[in-house]
Amino acid sequence: MPSDVALLARSPLYIRVCGRDYVLPWRPVTDWVVAVDRLGSLAARLATPEDRERMSEDILTTPGAVEQVQQESKRILAEATGLKWFEAARLLAASLDTETMGRLMLAGLDPERMSVGQWCAATYALYLKGHNQEERTKIQFMLMLPPAGEEDAWDDGPTPDDAMAAVAALNGK
Amino acid sequence: MDDNTATEAPPIIYKIPVKGTTYDFHELPTEETSRLVLVLDMAPSPHTIAKALFTTLAKAAGDGVWDQITERFVAQDIDLDDVTDIFRRLTQRMAKSAKARKTSGAQ
């Protein structure tokens, strides 16, 4: 689950697109929700307006630029949350559910002041709240299940024993 | 594949209407389409959007078509929204055509 350092960080992020380095200033979680349905352009959209201009020109003339931005988008989402990118994207999407958002608001959270890492952690805590160990294991397993094409993410994820325990929990054993 | 029997499919022409006149466009390569979609999604300045649309769409325009569209743009007969609409319609038609090809290929 999220590393403490990533959750508290207010430092800028660094990306490299079309051979050029860019600094992305810290932004609140409201600027990260684009990751829910347009993850592929996240890194570019978090750039400053001046950098977006330069980046646009480079992207138009550089083969493979779209894949570069996609990869950098996933990388910074993981870096900013201390999670795998798909875990963070799932938590962000879950937080937009009306009831979940309502609970986060009632808890006094302000998305204009919170980092994406803190927001994901709060959503994660909300989903685990009140569940026993078996139910928590199920939720955690669903969260960390890699999407199609990302199966390699298992390699740096849970151990085989963790996975077996999660499968057993899913089967109600 | 047997090269002796392979035949090249004729290029697809997409007829796109732009404020009263219909123009011919060819298929845009997927890579260039994806790059332009990304740039438009990045919401850069109108100047950069115009430059991106014009440089990319010019490659898909039929003979003399882009000169006519540029002239109409300069004369303010059409605007950036109309040019954006050309790209939107072209990508929609390309997607529809690709889907049809995939369906017929699967049969």
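Chain B contains 4 helices and 2 strands, where helices (H or I, at least four residues) and strands (E, at least two) are DSSP runs numbered from the N terminus, and along the sequence these elements follow the pattern β-β-α-α-α-α. This is a predicted model, in which local features need pLDDT of at least 70 and side-chain atom pairs count only at pLDDT 80 or more, while totals for chains, interfaces and linings use all residues. Residues are numbered from 1 along each chain as its sequence is written, and chains are lettered from A and ligands numbered from 1 in the order in which they are written.

The predictor's confidence in each residue, pLDDT, runs from 0 to 100; where it is low, the predicted coordinates should not be read in detail. For the complex, the predictor gives an ipTM of 0.78 and a pTM of 0.82.

| Property of chain B | Value |
|---|---|
| Box filled by the C-alpha atoms, along the principal axes | roughly 50 × 30 × 20 Å |
| Buried share of the 107 residues | 19% |
| Mean pLDDT | 88 |
| Residues with pLDDT of 70 or more | 91% |

A residue is buried if 20 or more other C-beta atoms, placed from the backbone, lie within 10 Å of its own, exposed if 12 or fewer, and partly exposed in between. Two residues are in contact if their C-beta atoms lie within 7 Å; among contacts in chain B between residues at least 6 apart in sequence, 72% join residues at least 24 apart.

Between the chains, 14 residues of chain A are in contact with 12 residues of chain B. On the side of chain A that touches chain B, helix 2 (42-45), helix 3 (49-61) and helix 4 (65-81) each supply at least two residues, and helix 3 gives the most, with 5 residues.

Helix 4 of chain A has 17 residues and reaches 24 Å from its first C-alpha to its last, close to the 24 Å expected, the expected span being 1.5 Å times one less than the number of residues. Its buried residues include Val69(A), Glu72(A), Lys74(A) and Leu77(A), and the helix is followed by Gly82(A), whose phi is positive, near 75°.

Leu77(A) also belongs to the largest nonpolar core, which has 50 residues and in which Leu77(A), Ala88(A) and Cys120(A) have the most contacts; such a core is a set of buried Ala, Val, Leu, Ile, Met, Phe, Trp, Tyr and Cys residues joined through C-beta atoms within 7 Å. Leaving aside neighbours within four places in sequence, Leu77(A) is in contact with Ala35(A), Leu42(A), Trp85(A), Ala88(A) and Ala89(A).
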